[in-house]
Every structure is written in C-alpha cells, then in structure tokens.
Amino acid sequence: MKKVTKPALSDNKRDKSSPTRSKRADKLTTLSLAGNKQKTSTLLKNTRAKQKDDLFPIVGIGASAGGLEALEQFLKKVPDNSGMAFVIVQHLDPTHKGIMHELLGRATSMEVFQVKDRMQVKPNCVYLIPPNKDMSILHGVLHLFNPTAPRGLRLPIDFFLRSLAEDRQASGIAVILSGMGSDGTMGLRAIKEKAGLALVQEPASAKFDSMPRSAIAAGLADIVAPADDLPGKIIDYLRHNLAITKNGLLLEEKDQSALEKVLILLRAKTGHDFSMYKKNTVYRRVERRMSIHQINRIASYVRYLQENSQEIELLFKELLIGVTNFFRDESAWEHLRLKDIPELLKNRDGGQPLRAWSAGCSTGEEAYSLAIIFKEALEQIKPPKDFTLHIFATDLDRETIDKARQGFYPDNISADVSPGRLKQFFNKEDGGYRIKKEIRDMVTFATQNVIMDPPFTKLDILVCRNLLIYLTPELQKKLLRLFHYSLNAGGILFLGSSETVSTFTNFFAPLDIKSRLYRRLESLMTTEMPAFPALFPPAPAGVPKELSMLKPVTNLQSLADKLLLQHFSPPAVLVNDKGDILYISGRTGKYLEPASGKANWNIFAMAREGLRFDLGNVFQKALRQKGTVTVRDITINENGNSFTVDITARAIQEPEPLRGMVMIIFTDVATPPAQKKKIGNRKAPASQAKAGELEQELGRLREELQTTREEMQSSQEELKSTNEELQSTNEELQSTNEELTTSREEMQSMNEELQTVNAEQQSKMDELSRLNNDMRNLLNSTEIVTVFLDNDLHIRRFTTGADKLFNLIPGDVGRPLSDIVSGLIYPEMTEEAREVLRTLVFSEKQIATTDGRWYSVRIMPYRTTDDVIGGLVITFANITAAKALEAELREEIERLKDQKTEGGRITQRPG
C-alpha cells in the first residue's frame with residue numbers, strides 16, 4: 001500500500017525573494033506541468049538520440065531529514081522514459097539496513113537501485129546511496145568509499161556533487177531538497193563553477209528547511225520551487241539547451257550586437273565593464289540565464305533585461321563566478337607553507353610587515369587561508385624576529401565582500417578545513433564557524449575592479465587564482481605585467497591550477513610548476529612602466545571579427561622598400577644621448593661586437609679596435625652641432641685583414657618621438673684597383689713606409705688634440721653655466737630647507753594630536769566592544785527574545801531564540817517583519833506596531849502560539865540617546881509556566897468553591 005503524503009503549504013511571502021519568480025518562467029512551468037505531452041515526447045526522443053555519446057543528463061539529488069516526502073513528490077512528476085538518470089544521496093543511519101530504495105520504488109515507474117561499487121549509470125533509472133558509504137562518479141560509473149569522517153561530520157552530498165561537477169562539467173544538474181544542516185551547499189558551488197544547473201526546494205514547502213535555506217543564502221540557487229515543480233523546470237531547461245544545440249546558435253552579427261547590448265545594460269546598472277572578458281565565457285553565462293527563462297533569442301533576452309532590473313543583478317552575479325573554498329588545491333598551499341614562506345622570511349628584517357594581495361577573493365576563503373598558512377609557517381620555523389602579514393583582499397562584488405568581512409562560514413567547511421585548524425583558528429557558533437579575531441585582523445577587505453582600478457604595490461605575496469582564465473589573452477598579459485610591477489623583488493605570485501605566466505618567463509620563475517607558484521624576477525626587459533589598469537584602452541565594440549582578421553592588400557612599393565632595406569641599405573644603429581643602443585638595422589658584426597663580462601649594450605663598449613676613438617668624436621660632434629657629421633677612411637684591422645669604413649652620425653630632431661637620439665651609419669669604402677696594383681707591383685723602401693705611418697699617426701694625434709681642446713672649451717663653458725645654476729639652486733634649497741623645518745614642526749604637532757585622537761578612539765572602541773559583549777550576555781541571560789525594527793518595520797537585529805518564534809535567518813535582516821512566518825497567534829501585531837510608532841504609547845499583550853506556548857509581547861518605541869525615535873523594540877517573554885500555574889490556581893479556586901457550596905447544603909439539612 002502506497003503512502004500518500006501531502007505537500008507542505010508554501011509561503012507566498014517567501015516567493016518574492018526567489019531568484020526565478022518571473023511571470024514568464026512560472027507561466028512556462030505551468031504549461032509544461034499541465035501535461036504538454038507532445039513537447040515532452042519530442043524532448044525525450046531528442047534526448048535519447050543524444051545518448052549515443054553517453055552524455056545523457058545525470059541529476060544529483062541531495063536530501064536529509066524529511067527527504068522521503070520531498071523525494072516522492074519529485075519522482076512522481078518525472079515523466080516515463082525521460083532520458084534522465086537520478087542519483088540520490090541521503091543522510092542514512094549507518095547501523096541499519098537501507099530500505100529507502102523499496103519505499104521510493106512505489107513512487108515511480110523507473111527502476112530504483114541501491115548502488116553497488118562500479119555501477120554504470122543508465123538513463124531512466126534511480127540510484128540510491130547505501131548506508132555508511134560515500135559516493136563519487138567517474139565517466140558515468142558510480143564508486144563507493146568507506147567514510148573517513150566520524151559520524152555527524154560527514155558531508156556525502158557535497159562529496160558526490162563535487163565529483164558530478166567534474167565528471168559532467170556544464171551538463172551537471174543538482175537538486176537540494178528537505179534536510180537539516182548545510183550539506184550540499186559546497187557541492188552546488190562546484191556545479192555552478194562548471195556552469196551547471198542548481199535547483200533548490202522552496203523552504204516553505206520543505207519539512208526541514210535548513211539545507212534549502214543554506215543554498216539560497218549562499219546565492220547558489222538558479223531555480224527555487226516546490227519539490228513537485230522541479231522536474232518540470234529541469235525538462236524546460238533541457239528542452240531549451242537542446243534547441244540551442246540543434247539550431248547551432250552562433251555569435252553572428254546580430255547576436256554579436258545583442259551581446260554588446262547586454263554588456264551595455266550591465267555596465268549601466270552595475271558600473272562594471274565585462275567587454276574584456278572572453279566572449280565565449282560571457283555568452284555561455286548569458287545562454288544559461290536564457291535557458292532558465294526559456295528565451296530562445298539573445299535579442300529577446302536584451303528586451304527581458306530592459307524590463308527586469310533584478311535579472312541584470314542575477315546575470316552580474318552569474319558572470320562573477322564567485323566560487324572558492326578554503327585551501328583549494330591543498331598541495332599548493334602546503335608547498336607555500338613549508339617552503340616558500342620560510343624562504344621569503346629567511347633574509348627579511350624583523351619588525352617590517354609583509355604585504356599580500358588576494359585579488360578576486362570572493363567570500364574571503366583564500367585570503368583567510370593565506371593568513372592561516374602564514375601563522376602556521378611562523379609556528380613551524382619559530383623565527384627570532386617578529387613578523388606580521390597584512391593582507392589586502394579585494395573583489396568586484398560588494399555583497400561577497402560584506403560576507404567576507406563577517407568571517408562566518410557554514411558547518412560544511414569541515415570538508416576543506418582540518419579539525420585542528422577549525423579548533424585553532426575558528427570559533428564554533430550556531431550554524432557554522434566564525435574566523436577568530438587574530439586572523440580577521442590580518443585581512444583588510446575592499447571592493448575593487450582589478451581591471452580598472454589602481455593596484456596595490458610593494459607586495460611580498462600576490463594571490464590571483466582562477467580569474468585570468470576568464471579574461472582575454474591581451475588583458476592577461478597586461479595584468480601579468482601589472483603583477484610584476486606590484487611585487488617586490490623575490491615576491492611570490494600564486495595562480496590558479498589552470499593558469500600560467502605564459503610567455504613571461506623573464507618576469508617570473510616557477511617555484512613549483514604543478515602548484516602554479518612563481519617568484520618575481522628582476523627582468524632586463526622591463527624598461528617601460530606597465531600599462532596601469534586605468535589606462536587600459538577600451539575593447540573595440542561593433543567591429544566584426546572578420547574585418548579585424550583581414551590582411552592588407554599587397555603593395556608593390558612597400559615590398560620594394562622592404563627589399564632595399566634588407567639588402568642594399570648600409571648598416572646603422574640608433575642610440576640615445578648616452579650611446580646605449582636602442583635599435584639595429586642591417587649586419588653590424590664587422591663594426592660592433594659584444595664585450596666580455598656582464599651584458600652591455602653601449603655602442604662604445606661594443607666598438608671594434610680602431611673605431612672607438614673616431615666613433616666617440618663623431619658622436620660628440622653630432623650632439624654639439626645638432627646636425628650630421630662624417631668621418632672618412634677609417635682603417636680597421638680584423639684577423640690580419642684590413643678594410644676602410646666611413647662613419648656618419650646624425651643627431652635626430654624630427655620626428656618628435658626620436659628627438660635627442662643619434663643615428664650612426666657605417667659605410668664600407670672600396671680600395672681603388674689602381675692603388676691595389678701599385679701596391680702589389682712595387683715595394684716601397686722600409687724607411688719610406690715607416691715615415692708614412694708616422695706622418696699618419698702624427699696627423700691623427702693632432703686631430704685628436706684639436707678635438708680635445710674643443711671639448712675642453714665646451715666643457716669649461718658648460719661648467720661655468722652649471723656652477724651658476726648650482727649657486728641659484730643652493731639658495732633655493734636653503735629657502736626650501738627653512739620651509740621644511742617649519743613644516744616638520746607643524747607635522748610633529750599634528751602627529752601628537754593624531755596620536756591623542758587615536759588613543760581616544762581606541763579606548764572608545766574597546767569600551768564599545770565591552771558594552772557589546774555585556775549587552776549580548778545580558779540579553780542571553782534574561783531569556784527574553786528581542787526583535788529590533790526600524791521605522792519601516794524592517795528587521796534590524798534579533799537575539800538568540802527569535803528563530804523559535806519566527807522563521808528567521810541572518811539573511812532576513814532588512815526584510816519586513818510582516819513577510820516572516822510566525823508561530824504566534826497574533827495577526828494584528830503589525831497594525832499594533834504601527835500604532836505604537838504613531839502614538840509612542842507602548843503595548844503589552846499575552847499571546848499564545850500554535851504549539852500551546854504563551855508569551856508576553858511588549859511593543860515599545862526605540863529611543864536613541866538624543867531622544868529620537870529610531871524604530872521599535874518588541875520583546876517576547878515566555879510565560880507558559882505562569883499560565884499553567886494560573887490555570888491550576890483557577891481550577892483549585894473552582895474546586896474550593898464547589899466544596900464550600902456543598903458544605904453549606906449539608907449544614908442547611910434538618911438535623
């Protein structure tokens with residue numbers, strides 16, 4: 001006999017916050033669930049056709065307490081021969097034999113299997129995890145593992161969904177149903193990172209809503225609906241994906257224009273430009289949102305964005321891909337802890353703080369991981385000097401930065417953080433763990449666009465993981481240059497597992513290639529300042545890809561000019577005013593050769609023997625005269641052979657970018673044939689030849705002497721002029737020194753004032769912290785539930801125990817109290833609250849709850865120290881015991897009255 005279960009009533013007020021509550025999506029879902037058999041049949045046929053390559057949809061379902069009812073509702077709505085496989089992971093009692101597969105077999109016509117090791121997943125089947133096992137999937141085959149975590153700390157849903165995301169990539173589908181705790185949230189993160197689909201049961205319809213609420217609060221739910229509506233949502237999503245695959249929608253000119261309009265709407269709404277992201281990445285994310293809303297054309301999606309501003313925010317979140325966790329790629333973090341940080345500290349002066357930057361930190365896990373790793377490294381090496389690390393953690397999304405600042409994470413981080421680290425660096429609280437103050441104080445969070453905003457500099461460690469892979473190659477190169485500029489010499493760059501430094505091997509040396517850890521190098525090629533993000537040129541918009549790939553038409557003149565430059569133009573060198581070579585044209589090996597020792601690109605160091613003096617003369621003359629100077633018939637001896645060369649030096653005035661540089665041209669001079677013959681047939685006397693060499697040497701010495709005199713005269717005039725300028729500069733410096741002395745005294749005075757103010761502020765902060773702790777302990781000790789509202793009756797804060805009267809979660813702060821489901825039989829509470837706010841007269845009533853408890857509800861105005869009304873304070877004191885005592889007293893009084901009446905009657909009877 002089948003067990004018939006009734007679905008829980010949904011909370012209509014909660015529907016308003018669901019990410020997919022658009023009229024369009026609801027209408028389409030209603031149509032699909034109403035029995036549109038023809039479309040479903042077409043989908044099933046097409047899905048079966050796709051199964052030839054074994055890429056049929058596999059739906060991972062996570063459930064816990066109350067999951068049986070939700071699973072029955074879900075499976076009853078799955079059509080026959082859907083072409084999908086369903087793998088269910090539940091929290092089962094490890095000591096009892098599982099009968100869940102028998103119970104679920106009554107709710108569906110599909111075959112239901114309890115998984116055995118290495119079981120192949122097939123379509124139109126349901127697979128259920130056995131008790132006391134963890135389960136994973138690889139290439140469509142299920143594998144079972146003995147759990148390593150103790151009972152109560154196991155997270156089997158996260159474990160399976162992570163493997164499903166890796167195995168199915170963008171085809172992965174995950175569903176979170178009723179359950180307690182937060183298992184499944186990290187698994188949904190992995191599914192979302194791979195662009196899969198994440199569905200969550202509506203909390204109001206779940207018997208236990210902790211798991212659905214955790215997934216929704218983390219911002220991971222694509223679709224939120226009752227359990228019996230979710231199969232229809234999956235079918236609609238798959239139908240749309242199949243239509244896109246079948247039609248082969250490409251980024252044609254119209255689609256390209258529509259995609260650019262999407263980017264324009266995003267920039268107008270959020271202020272962030274995604275045009276420098278990879279086009280395929282952006283299009284896949286847009287396509288995914290289109291699939292959720294059943295929109296087939298990107299132009300229609302542009303219209304949908306214009307009409308629904310909330311969808312722009314959801315698309316913005318989608319594009320940020322904020323998926324991270326603690327100690328991701330643990331081996332890389334261990335390498336950083338054991339080797340790289342100790343090496344960094346080895347030659348570091350104590351007392352000088354280290355600086356680190358975590359770019360794209362999302363919700364802060366990587367920044368806190370770095371802080372923990374640094375603390376552990378210090379404990380390991382126990383350096384004689386004190387070291388501190390200041391971490392700047394930035395992200396584009398303000399909401400994720402706010403979450404990171406809170407430093408609060410769900411219980412399931414125990415899958416990534418060891419028990420020892422949880423105990424040492426976290427405080428256990430209701431619903432999760434909070435980072436301890438010593439770690440929190442090491443990190444400063446801020447919103448920043450790493451592409452457009454200025455970077456942090458003088459860094460020792462820079463962590464940028466899984467961001468570059470979403471950017472265009474051109475932007476990746478610019479950011480790597482920027483990271484090189486931001487890091488100190490020997491600083492550490494930590495990239496994601498899919499990222500490398502590409503061709504920048506002269507900028508960064510690998511510390512561990514597998515871990516993607518690099519050390520900054522001092523590169524000789526970094527003669528230019530990097531292009532800072534604010535100066536990055538905007539990506540071209542509206543230029544078709546085909547136009548950008550067109551090659552210029554072949555030009556006869558340009559080809560001829562190129563040929564002449566290669567084969568017939570003289571060798572030449574472009575140098576600056578110091579003689580450093582900037583550009584070489586032609587073959588200059590006959591005249592220049594690298595000097596031995598450290599690389600030196602100065603032309604005078606590279607000039608061959610016999611050229612150096614004349615080259616220096618012609619260079620200096622060209623600079624002085626600001627024109628062209630030529631020295632002719634310079635003889636050079638090379639390996640017993642001699643040749644003659646003319647050197648021409650020209651100081652460049654035009655064009656403007658080359659002004660101040662010098663072009664040096666080498667021209668070979670051929671020896672006349674007659675002179676060669678004369679030399680060959682007649683031998684001059686040795687004395688005559690010696691005299692000729694001496695005359696040439698004397699002429700050269702005279703010329704050198706004349707040049708030296710001219711240079712000395714020029715130098716003397718320059719020195720006189722420089723001396724006058726130095727005297728003037730000295731007077732200015734004396735005046736400036738007096739001004740600086742005055743300014744320093746003023747700065748010292750201001751510094752003392754600031755220190756005083758800082759001490760006062762620190763004292764006030766300490767006092768505020770103590771008051772906050774006192775207030776928290778006071779409220780907890782009174783056991784009186786208190787809810788603070790603002791003037792609009794929106795929740796501002798609530799104390800421990802409020803969740804027993806209202807379905808409150810930390811994310812409800814800022815929402816109207818009237819939107820929250822309450823267990824109080826007090827429908828007029830909102831109206832009375834408004835009346836108290838209007839009249840400023842408090843209200844107090846005794847109110848019962850649906851489960852028989854009684855509370856004294858007192859509504860009072862919230863008064864500030866300036867006697868300004870800032871909202872309301874509602875207190876709920878539990879008077880159930882007093883009510884029970886009151887009822888007992890009433891009964892006792894009634895009993896005594898009855899006895900008294902009975903005694904009077906006996907007295908009145910005749911003796």
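This is a predicted model: local features need pLDDT of at least 70, side-chain atom pairs count only at pLDDT 80 or more; totals for chains, interfaces and linings use all residues.
## Overall make-up and confidence

The chain has 911 residues, and 41% of them are buried. Its secondary structure comes to 27 helices and 30 strands. Among contacts with a separation of 6 or more, 65% join residues 24 or more positions apart.

Mean pLDDT for the chain is 78. A value of 70 or more is reached by 80% of the residues.

## Helix α19

Helix α19 runs over residues 473-486. How far apart are its end C-alpha atoms? They are 20 Å apart. That agrees with expectation, because 14 residues at 1.5 Å a residue should span 20 Å.

The buried residues in α19 are Leu 475, Leu 479, Leu 480, Leu 482, Phe 483, His 484 and Ser 486. An α-helix has 3.6 residues a turn, so residues three or four places apart point the same way. Strands contribute to the cover over the buried residues of α19. They include β11 (354-359), β17 (459-464), β18 (487-495), β19 (508-512) and β20 (517-520).

## The α6 and α7 pair

Helix α6 (residues 156-168) packs with helix α7 (residues 185-193) at an angle of about 5°. Their axes are 7 Å apart. The two helices are therefore roughly parallel to each other.

From α6, the contact uses Asp 158, Leu 161, Arg 162, Leu 164 and Ala 165. From α7, it uses Thr 185, Met 186, Gly 187, Leu 188, Ala 190 and Ile 191. By class, the residues of this contact are seven nonpolar, two polar and two charged.

Is Leu 389 buried or exposed? Leu 389 counts as buried because its relative accessible area is 5%, under the 20% cut-off. This residue lies in strand β12 (residues 389-395). Leaving aside neighbours within four places in sequence, Leu 389 is in contact with Leu 354, Arg 355, Ala 356, Leu 370, Phe 374 and Met 442. One of these, Leu 370, is 19 residues apart from Leu 389 in sequence and 9.5 Å apart in space, C-alpha to C-alpha.

Lys 578 sits in the loop between β21 (572-575) and β22 (581-585). Lys 578 is exposed, with a relative accessible area of 56%. Not counting residues up to four places away in sequence, Lys 578 touches Asn 602 and Phe 604. Lys 578 and Met 661 are 83 residues apart in sequence, but their C-alpha atoms are 9.1 Å apart in space.

Arg 516 has a phi near 60°, a positive value in a residue other than glycine. Arg 516 lies in the loop between β19 and β20. At 16% relative accessibility, Arg 516 counts as buried.

Asp 633 has a phi near 55°, again positive in a residue other than glycine. Where is Asp 633 found? Asp 633 is in strand β23 (residues 628-638). Asp 633 counts as exposed because its relative accessibility is 53%, over the 50% cut-off.

Conventions: Residues are numbered from 1 along each chain as its sequence is written. Side-chain values use heavy atoms; hydrogens and water are left out. Helices (H or I, at least four residues) and strands (E, at least two) are DSSP runs, numbered from the N terminus. The expected span of a helix is 1.5 Å times one less than its number of residues. Buried means under 20% relative accessible area, exposed over 50%, partly exposed in between (1.4 Å probe, protein chains only). Contact means heavy atoms within 4.5 Å. Axes are lines fitted to C-alpha atoms, for helices over the stretch in contact, and angles run from 0 to 180 degrees between N-to-C directions. Angles under 35 degrees count as roughly parallel, over 145 as roughly antiparallel, 65 to 115 as roughly perpendicular and the rest as oblique. Ala, Val, Leu, Ile, Met, Phe, Trp, Tyr, Cys and Pro count as nonpolar, Asp, Glu, Lys and Arg as charged, and the others, Gly among them, as polar. pLDDT is the predictor's confidence in each residue, from 0 to 100.
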